[in-house]
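Welcome! Here is a short tour of one structure, taken topic by topic. Have a look at it first, and then read on.

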Amino acid sequence: MKLEINKKTIEVDADPQMPLLWVLRDLLAMTGTKFGCGKGLCGACTILLDGSPVRSCSTPAIAAEGKELTTIEGVAEEYKHVQDAWVELNVPQCGYCQSGQIMSTVGLLKKNESPNDEEIEQALVGNICRCGTYGRIKKAVKLSVQLKNQ
Ligand code: FES
Ligand code: FES
């Protein structure tokens, strides 16, 4: 099947029911998207489909056909302000959840360029961080808005 990943068309020989997480990690060696729970509960595997966050561990490959799929590898340029905010505030601890946190943040900022505290919390409520970096994540989302507007 043909998938549109990070603005490139990629032909991939995958079972249509294979979760996108394994298409990305195992077939395409795109390991920025992480495997956490495998059950749609932790958010570590978050990607965007047509700009909205979805859990790639529980979304079959077929669901991405004809849609624009974006992974953490595809946001470095357009969303550099998010990356810069994460670096400036030293957000990650172990780092494992952070690509999912950033993808949910990018999904939020695509719809809402200046979210308030409640909107940030709602957008990120499904992204679990075992290291407890939630306070820094929230600050980084706000800083990324400031950096973009500078
Ligand atoms: S690995 Fe997909 S939600 Fe946890
Ligand atoms: S930084 Fe370790 S799980 Fe979030």
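Lining the second largest pocket are Glu-78, Tyr-79, His-81, Leu-109, Lys-110, Glu-113, Ser-114, Ser-144, Val-145, Lys-148 and Asn-149. Please keep in mind that this is a predicted model.

**The second largest pocket**
- The second largest pocket holds about 160 Å³ of space.
- Helix 5 contributes the most to the lining, with four residues, and helix 3 and helix 5 each supply at least two.
- Sorted by class, the lining residues are three nonpolar, four polar and four charged.

**The largest pocket**
- The largest pocket has a volume of about 270 Å³.
- It is lined by 16 residues, and those closest to its centre are Lys-7, Glu-68, Thr-70, Gly-74 and Glu-78.
- Strand 5 (68–70) and helix 3 are the elements that give two or more residues to this lining, and the largest share, three residues, comes from strand 5.
- The lining of the largest pocket has seven charged, five nonpolar and four polar residues.

- Which residues of helix 2 are buried? In this helix, which spans residues 80–88, they are His-81, Val-82, Ala-85 and Trp-86.
- The buried residues of helix 2 pack against helix 3 (98–111) and helix 5 (134–149).
- After helix 2 comes Asn-90, which has a positive phi, near 50°.

Methods: Residues numbered from 1 in each chain as written. Chains lettered and ligands numbered in written order. Predicted model: local features only at pLDDT ≥ 70, side-chain atom pairs only at ≥ 80, totals over all residues. Heavy atoms only, no water. Buried < 20%, exposed > 50% of the residue type's maximum accessible area, 1.4 Å probe, protein only. Contact = heavy atoms within 4.5 Å. 1 Å grid on protein atoms, 1.4 Å probe; cavity = no way out; pocket = protein on both sides within 12 Å on 5 of 7 lines; lining within 4 Å. Points joined across faces, edges and corners; volume = space filled by probe spheres on them. Nonpolar A, V, L, I, M, F, W, Y, C, P; charged D, E, K, R; others polar.
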